[in-house]
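Please examine the sequence and the model shown here before reading on.

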Amino acid sequence: MKQNQAGEVIYRKNYTAYPWNVMRLDLHFDIGTETTTVHAEMEFQLKDDDQGPQDIILNGSNLQLVSLTLNHRTLDENDYTVDGEKLTISNAPAHCVLKTEVLIHPATNSALEGLYVSGEFLLTQCEAQGFRKITWFPDRPDVMTTYRVTLEADKTDFPVLLSNGNETNRGDLPDGRHWVSWEDPFPKPAYLFGLVAGDLSLVQDHFTTRSGRVVTLKIYVEAENLDRCEHAMESLINAMRWDEDRFDLEYDLDVYHIIATNDFNMGAMENKSLNIFNTKYVLARPDTATDIDYQGIEGVIGHEYFHNWTGNRVTCQDWFQLTLKEGLTVFRDEEFSADMQSRAVKRIQVIRDLRIRQFPEDDGPMAHPIRPDQYVEINNFYTATVYQKGATIIRMYHTLLGERGFQKGMKLYFERHDGQAVSCDDFLAAMEDANDTNLERFARWYSQSGTPQATVTDHYDAVTQKYTLTLEQSTPPTSDQHEKQPLVLPFALALLTAAGEELPLRLEGEAGDAAVHRLLIVEDARQEFTFTNIPEAPVPSLFRDFSAPVKIFYDYSKQQLATLIKHDSDAYVRWDAAQRMSTNAILEQCQRHADGLEMQLDADLVEAFRGVLSDQQADPALLAEAITLPDEDYLADQIKVVDVDGIHAARCFIRKGLASRLEALFTTHYETLDDGAAYQKSAAAMARRSLKNICLSYLMETGPGEALANSQVESSDNMTDTLAAIRGLIFVDSAQADKALSDFESKWIDDALVMDKWFIMQAIKPGPDTVNKVRDLMQHPAFSIKNPNKVRALIGVFAMLNPTGFHAADGSGYRFHADRVIELDPLNPQMAARMAAAFNRWKRYDEGRMAMMKTELQRISSVESLSGDVTEIVANALR
Ligand code: 0A1
Ligand code: ZN
């Protein structure tokens, strides 16, 4: 039975503590691929033992119950009831030991939740509610206990047997079998349980913590991937050191495992000392992984490692508090990446990601606060809102309190709550108390959904030399919430002269030294700030470093934007100014396209880009960001009714125009950066590749591009350059594209991760014909609908990153995609729900497309025994 098929809504306000303490859990697994036998022994102690005997309620899903004993007495059906996913044992004494035996079937588990098979091994995924697919247990994060686990299996098929904590013993058994036992001394919730059994190869290193603990680091992969673990190991060691240096946090066990699997619904999972990773976030070699992949690995390895404190040592009281661990841990991994790479570039990537992925959530049918108030299926709430917006809320604490104040708050949080399951309120209270401050208003960020709009207007009085900025904030109603309140906005700003000088900022009535960069705190719906001694009408540099996650409205002139692009010392503001200028230019042409007028190239944009490309001082990676045009979905978000083809046409027109007007500059850069030097992993080398390849992408629009791309395919010694060149050839429909693709295919046919890239390159190609290509590719031997990476690469990319394909006017993209959601649902409801979300914003399109998308949503919703996961997404979309 699927989770919550009944569509029951769970409310945060109904939280009640579990009445029992679980004193310990002993598990014994008799491992088999077809059938695994699970023995569990748990000791219960009633929290309030003044009461008489009470019921024990346990969760279980798809378990074949063999036996149940309570204090050595075998229970029969008069002693317990099973109702759906709940097992109730009536009138258990205040202290008791419950033993269960169940059978589970890994080989037929295609949902990849609970115990399942991947290649030559078995593994588990328990977050959020997968432990109930393994054995009967109170599967909720506030029930924490210590685990002792014994794994027994055939020694040839399952030489490696792993679980959480330290290995305590092992031995051989008759008939070629063996066993290994594990003990995790740290009490943990069931969602952090992990088990791995099978034939895996090992890469090993060690890290000595500041206090002298020698930690063995083990990365387990399939044998053919042994030469692709170096970067992951280095990232892990860097993460361990960084957490000591920056957060004063040390690792707490003698061993740390990472296991890489091709079959995983998400990126990775932080099981205590037994992290399980999607191979995408472990395996890398210069010829198989791009620079983005390398950065992703560093970030995700960091993320899972940092969970050891923010998530594992202190965990969540209930799933509504998910952002307590996720927002905080994303903030930590962002800071880690910023400290390892270029802070400015990382910041821009994070902001772009938030705008592209999270802002649309606020504007769609699944809008929710970072701490939701209700859900049907918790798996649908592993969202950009909980993760990425959650991280921006943590960043705002950091901005308001400063690094020192923030770290004081963290310290108090751990002092108070180590070993506990707590709520976001506890985190906020620790920040307040450590800093002796009141964050009551700030707490609204946890309960209010939606993207606030900050509208800035200004007035300059040349006579008094006063400059007044007025900031008005409001949050538009969202699908889940109509009334909105003003929020606390950290408002970082500077004022620039037309020549780009930063002016000293003194508010009316202030004396003393004046800083050129100020952090103001906005709390009300409308606030005015008057600055004195301002010698000329300034250019405002607003929400520097994106100090609050808001949509910023200020009516910049082109001249002002040009000043910011050229001179602002804040990388985000510079980048944002360039994005604004490009966005305006593209949307203007989109309008002309709609009006049947000829499109025109904006001369100011050309000059601004020329300026950027002529900057000799700047980090090449920042230049690359600045000249990357906003993507089509972001552009679509800026207009009322999405004009899919108009946006595509206008963006292509501007790209082409820029390419031809600035061909000489692009060429010079390309030639300088394409220096024939051997691949290097450094941040500087990555920065150079990023600028080189964005230049190549422009040059593809003009004469020399094709030849350059062809020779880049030939000479490349790394995947970043290879992919950039092939993608370029595909986009311009080069006669060489097919050959490049088929050479790539023959070379990498046996490599699952690299073949994902091959699928992506084809699924992302703009235009209404791509749907047919995607349909054909589903028959390719390297594709499997059961594998989430393949589904994301081919189906997900087509539906979410290919607007002119998915939204083809004849509805073929929609029909194809709805068929895939329906096909996936019985196999893997979590993945099906993620795919179904492609239709979420159907109401933003023209009537024809709206009607077709609605039809597809209705078709999905009418499928018999549709999972709770997909039902929640589709029902919300149709509401
Ligand atoms: N806690 C993990 C994310 C995760 C969530 C659910 C999963 O399976 C359904 C797997 C991983 C993280 O934040 O990395
Ligand atoms: Zn996480």
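Asp 248 is found in the loop between H1 and strand S19, which covers residues 255-261. The model described here is a predicted one. In it, the phi angle of Asp 248 is near 65 degrees, a positive value in a residue other than glycine. Most residues other than glycine have a negative phi, and most peptide bonds are trans.

**Backbone features in loops**

A positive phi is also found at Ser 273, a residue other than glycine, where the angle is near 60 degrees. Ser 273 is placed in the loop between strand S20 (268-269) and strand S21 (274-278). A further backbone feature concerns the peptide bond from Glu 127 to Ala 128, which is cis, with omega near -5 degrees. Ala 128 lies in the loop that joins strand S11 (121-125) and strand S12 (144-154).

**The surroundings of ligand 1**

Which distance separates an oxygen atom of ligand 1 from an N or O atom in the side chain of Glu 304? That distance is 2.6 Å. For the side chain of Tyr 387, an N or O atom is 2.7 Å from an oxygen atom of the ligand. His 303 contributes a polar side-chain atom that lies 3.2 Å from an oxygen atom of ligand 1.

**Helix pairs**

| Helix pair | Angle between axes | Axis separation |
|---|---|---|
| H1 (230-247) and H2 (291-306) | about 45 degrees | 9 Å |
| H17 (719-731) and H18 (737-748) | roughly 145 degrees | within 8 Å |
| H21 (788-801) and H24 (829-836) | roughly 15 degrees | within 10 Å |

H1 passes H2 in a right-handed crossing. On the side of H1, the contact involves His 231, Ala 232, Ser 235, Leu 236, Ala 239, Met 240, Trp 242 and Asp 243. These meet Tyr 294, Ile 297, Glu 298, Ile 301, Gly 302, Tyr 305 and Phe 306 in H2. By class, the residues of this contact divide into 10 nonpolar, 3 polar and 2 charged.

H17 and H18 cross in a left-handed manner. H17 supplies Met 719, Thr 722, Leu 723, Ile 726, Leu 729 and Ile 730 to the contact, while H18 supplies Ala 737, Ala 740, Leu 741, Phe 744 and Trp 748. The contact of H17 with H18 has 10 nonpolar residues, 1 polar residue and no charged residues.

The axes of H21 and H24 cross at roughly 15 degrees, and the two helices are therefore roughly parallel to each other. Their crossing is right-handed. Pro 788, Val 791, Arg 792, Ile 795, Gly 796 and Met 800 in H21 meet Met 831, Arg 834 and Met 835 in H24. This contact of H21 with H24 has 6 nonpolar, 1 polar and 2 charged residues.

Definitions and conventions
Residues are numbered from 1 along each chain as its sequence is written. Chains are lettered from A and ligands numbered from 1 in the order in which they are written. This is a predicted model: local features need pLDDT of at least 70, side-chain atom pairs count only at pLDDT 80 or more; totals for chains, interfaces and linings use all residues. Side-chain values use heavy atoms; hydrogens and water are left out. Axes are lines fitted to C-alpha atoms, for helices over the stretch in contact, and angles run from 0 to 180 degrees between N-to-C directions. Helices (H or I, at least four residues) and strands (E, at least two) are DSSP runs, numbered from the N terminus. A crossing is left-handed if the near helix is turned anticlockwise from the far one by less than a right angle, and right-handed if clockwise. Contact means heavy atoms within 4.5 Å. Ala, Val, Leu, Ile, Met, Phe, Trp, Tyr, Cys and Pro count as nonpolar, Asp, Glu, Lys and Arg as charged, and the others, Gly among them, as polar. A polar contact is a pair of N or O atoms within 3.5 Å; within protein, one must be able to donate a hydrogen and the other to accept it, and residues adjacent in sequence count only if both atoms are side-chain atoms. Angles under 35 degrees count as roughly parallel, over 145 as roughly antiparallel, 65 to 115 as roughly perpendicular and the rest as oblique.
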